[in-house]
Amino acid sequence: MTLLDLSGVTVGYDAPVLRDVDLSVEESEIVGVVGKNGVGKTTLMKTVIGLLEPDEGSVVYRGADVTGQSADERARAGIGYIPQGRDIFPGLTVEQNLQMGEHVDAGSSETRYDEVFDLFPVLEERLDQDGETLSGGQQQMLAIARALVADPDLLLLDEPSEGVQPSIVDQISEDMRAINEELGTTILFVEQNLGVIRSMADRCYAMERGRIVDELGADALADEDTIANYLAV
Amino acid sequence: MVNGLNLAFQFLDSFAFVVLAAAGLAIIFGIMGVINLAHGEFILVGAYATTVSATSLGLPLPLAMAAGVLVTALFGVVVERVIISGFVPNWIGQRTVGRDLVEPLYDRLADSMVATFGLSLIMVQGARIRFGNSIDQIATPFGNVAYGEFSYSTYRLVLAGVSVALLVVVYYVFTRTDFGTRVRATMADEQTARALGVDTDRTYMLTFGIGSGLAGLTGALFAPVLSMQPTLGSQFLVEAFVAVVVGGPSVVLGTALSGGVLGAVNATVTNLTDSTTFGRIALLLTAILALRFLPDGITGFVERVRTRREEGE
């Protein structure tokens, strides 16, 4: 079943950042979007979660057109968002940061702290610590955990490797695969780290100057040079 | 001894006045980035609603004050929906011309000042047209306590207690409750909060309602000790703004500290010179010095020192 479907999405009238983007994600897939800095990857993520409205085209989630919906409505409909640079709330503890992912405004909501702490035990040890004082890798874990507590069906991940030590980067790729396999969470991520793309993605879109220019299946992903092509300066 | 007591009383009196005048303004400014120049007129709403409830409807004073708070909070929510968030004009716009008509005033300091200044003029004139140049005042309750040749209004001592209690309650709400955490997350990063499912629009509306309710509380509490004129709000505005400027970005701590500092300055100078005018002048001089030497207020200064020390380690 198709979970997410973007068709003809254009963002920015005068100087389009995204032009006529078609993209779809099937249930339980891990889909990557590869591209250099400034090709519109973050804009794509913000358009899917609803922080940006497309000027043309539509965003369809679970068969329903959500184009006009605000980001908090989409989040409560089951889309989890992990922003670039993590955006841990300053002045809030690890526990309070996690609480913000609970969909407090949804009335009743299911939370799954147990699974989250199984994945990231370090967070449970540091619940009372100021979230901003964690290391880069731990902040990334907190951002992932924060998006996971409300049990999303689709997880949006914006450059998970940015500002994280190489050893932790591999760890995070593994964690994301585990989340996908054990919790059944569908994942759409954007990335320019070749290793992360190859170890995480089932398939992958390539972006250049705001357009989707290629779609790479498992075979193409196995060939390092094909992706490297889209990341070359 | 007697002079010391007098000084202490005056300190408590100015502390209460500064804290009560500033609390609502500080919350709305600190959390929403909106400078509400109609803050004094929100206090006016609270004072008038309390007075009218007590004199015309014959409610007992505590109930009349509760009515004053409630009316002002509801009024604040209406103002937020119509003017600050632009929800109402945009709702109308979407249904008539098919697009939004206005942008929200959140984090637009200058724009929010112009809009709320206009609102304050309308409110003062509106009150004058509806209620005339003054309305009958409620009698000050509780009488006086005497000490030697001096006598102090018991009610004003009660106000000092209320201002301390208010700080405690506001601190508790914003640091120890789910609502407070949500508000602080929204204040720190509105986009991320929204993307995580927080209805930030509602958070802003409630915050403005609470800030307005606190202005209403100030009006209600001072209703028995002020003359009820349409311009009564302007007496609070100077102290409120000075307190927010001196206090800095941390809402509760900033308000408490500036209440302490400004209360002490005002009480000391008033006592030394025997003139409230000089007390006010000293207050404004303190604000100018604070702006010059502590541009981020006391709490901003503390924050900078702490960051520097952490970096030095």
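**E159(A) is buried, having 22 other C-beta atoms within 10 Å.** Buried here means that 20 or more other C-beta atoms lie within 10 Å of a residue's own, exposed means 12 or fewer, and partly exposed is in between, with C-beta atoms placed from the backbone. Please keep in mind that this is a predicted model: local features need pLDDT of at least 70, side-chain atom pairs count only at pLDDT 80 or more, and totals for chains, interfaces and linings use all residues. Residues are numbered from 1 along each chain as its sequence is written, while chains are lettered from A and ligands numbered from 1 in the order in which they are written. E159(A) sits in the loop between β7 (154-158) and α7 (166-183) of chain A. Helices (H or I, at least four residues) and strands (E, at least two) are DSSP runs, numbered from the N terminus. The phi of E159(A) is near 45°, a positive value in a residue other than glycine. Most residues other than glycine have a negative phi.

Look for R62(A) in the loop between β4 (56-61) and β5 of chain A. R62(A) counts as partly exposed because it has 16 C-beta neighbours inside 10 Å.

**Strands β2-β1-β4-β5 of chain A, in that order, form an open sheet with antiparallel pairing.** Its edge strands are β2 (18-26) and β5 (64-65) of chain A, each of which pairs on one side only. Two strands are said to pair if DSSP finds at least two bridges between them. Strand β1 (residues 2-11) of chain A is joined to β2(A) by six bridges in the antiparallel sense.

**Strand β9 (residues 203-208) of chain A runs parallel to strand β3 (residues 30-34) of chain A, and four bridges join the two.** One of the bridges links V33(A) with Y205(A) in β9(A). β9(A) also pairs with strand β10 (residues 211-216) of chain A, in the antiparallel sense and over five bridges. There, C204(A) has L216(A) in β10(A) as its bridge partner. β9(A) and β10(A) make a hairpin with two residues between them, and R209(A) in the turn has a positive phi of about 40°.

**Helix α6 (residues 136-148) of chain A is mostly covered, with 11 of its 13 residues buried.** Among the buried residues are Q138(A), M141(A), L142(A), A145(A) and R146(A). The cover over the buried residues of α6(A) includes β6 (79-82), α3, α4 (113-119), α5 (121-125), β7 and α7 of chain A. The end C-alpha atoms of α6(A) are 18 Å apart, which agrees with the 18 Å that its 13 residues should span at 1.5 Å a residue. The expected span is 1.5 Å times one less than the number of residues in the helix.

**The contact between the chains takes 24 residues from chain A and 18 residues from chain B.** α2 (71-76) and α3 (94-99) of chain A each supply at least two residues of the side of chain A that touches chain B, and α2(A) gives the largest share of that side, four residues. Two residues are in contact if their C-beta atoms, placed from the backbone, lie within 7 Å. The residues on the chain A side divide into 13 nonpolar, six polar and five charged. Ala, Val, Leu, Ile, Met, Phe, Trp, Tyr, Cys and Pro count as nonpolar, Asp, Glu, Lys and Arg as charged, and the others, Gly among them, as polar.

**The largest nonpolar core has 87 residues, and V19(B), A22(B) and A243(B) are among those with the most contacts inside it.** Helix α1 (residues 2-32) of chain B brings the largest share of this core, 19 residues. Such a core is a set of buried Ala, Val, Leu, Ile, Met, Phe, Trp, Tyr and Cys residues joined through C-beta atoms within 7 Å. Leaving aside residues up to four places away in sequence, V19(B) touches S163(B), L166(B), L167(B), T255(B), A256(B) and G259(B). Apart from this core lies another, of 71 residues, including V48(A), A145(A), F189(A) and A201(A).
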